[in-house]
Amino acid sequence: MEKIVVSLEGMVLREVPLTRERTTIGRKPHNDIQIDNLAISGEHAVIVRQQQDACACIEDLGSTNGTQVNGLPVKRHLLQHGDVINLGKYRLTYLRAADAAEAQRTPTPAPVRDAIPPAALQILSGASAGKELALSKNLCTLGKPGVQVAAIARRPQGYFITHVEGESFPAINGSMLDAQAHLLNDHDIIELAGVKMEFFFKA
């Protein structure tokens with residue numbers, strides 16, 4: 001599953017599944033992702049999906065103010081899970097459940113899924129302290145919209161956490177994350193939106 005999460009000043013505005021080969025972004029109404037803001041060109045950028053390679057690229061369409069990915073200006077960029085596209089004050093976060101994409105390329109996908117043991121989160125603080133949250137989906141989002149949001153994706157290599165929204169980034173074992181996806185290890189302590197939780201593999 002691939003999608004774009006559109007947000008402004010920490011508030012999630014909408015989520016757009018990437019189901020087409022080309023997804024256009026711009027100010028004009030005919031765009032697939034319309035952003036009605038003068039900082040955005042009429043036809044600003046396009047996301048091109050290449051199904052045979054299970055990847056997606058963003059291309060700037062000669063926009064006036066340019067396109068940035070993770071704070072760096074780009075003309076064309078191969079998107080990775082968790083990449084943040086900056087268009088003016090708007091943030092478009094690219095999310096992809098990589099193991100699902102890997103399964104599409106593999107004739108027998110079951111071993112890919114079975115190679116990763118099941119995992120869960122143990123809530124350590126806050127109103128839900130003591131509760132256990134099973135990470136049974138390919139992509140789970142956590143946190144409080146408008147405050148701090150992160151996503152945990154299950155990939156063939158393991159479970160990866162990525163910052164999605166919020167001025168401050170989540171922390172792992174007391175160290176703040178950056179914009180890149182971070183591989184979770186058994187018994188890592190995650191601090192997100194004022195709540196501590198422990199990541200662990202289930203026996």
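Visitor: How much of the protein chain is buried?
Guide: Of its 203 residues, 46% are buried (under 20% relative accessible area with a 1.4 Å probe, protein chains only; exposed is over 50% and partly exposed lies in between). This is a predicted model, where local features need pLDDT of at least 70 and side-chain atom pairs pLDDT 80 or more, while totals for chains, interfaces and linings use all residues. Residues are numbered from 1 along each chain as its sequence is written, and side-chain values use heavy atoms, without hydrogens and water.

Visitor: Which residues have the most contacts inside the largest nonpolar core?
Guide: Ile-4, Ile-47, Ile-85 and Leu-92, in a core of 20 residues. Such a core is a set of buried Ala, Val, Leu, Ile, Met, Phe, Trp, Tyr and Cys residues joined through side-chain atoms within 4.5 Å.

Visitor: And which strand gives the most to this core?
Guide: Strand 11, with three residues. Strands here are DSSP runs of E, at least two residues, numbered from the N terminus.

Visitor: What else is there apart from that core?
Guide: Another core, of 19 residues, including Ala-119, Ile-172 and Phe-199.

Visitor: Switching to rings, how many aromatic pairs?
Guide: Three, counting rings of Phe, Tyr and Trp (its six-membered ring) with centres within 6.5 Å; planes under 30 degrees apart are stacked, over 60 edge-to-face, the rest tilted. Phe-199 and Phe-201 are edge-to-face because their planes are at 80°, with ring centres 5.2 Å apart.

Visitor: Which residues do ring pairs link into a cluster?
Guide: Tyr-159, Phe-199 and Phe-201.

Visitor: Are Phe-199 and Phe-201 buried or partly exposed?
Guide: Phe-199 is buried, at 0% relative accessibility, whereas Phe-201 is partly exposed at 30%.

How values were computed. Helices (H or I, at least four residues) and strands (E, at least two) are DSSP runs, numbered from the N terminus.
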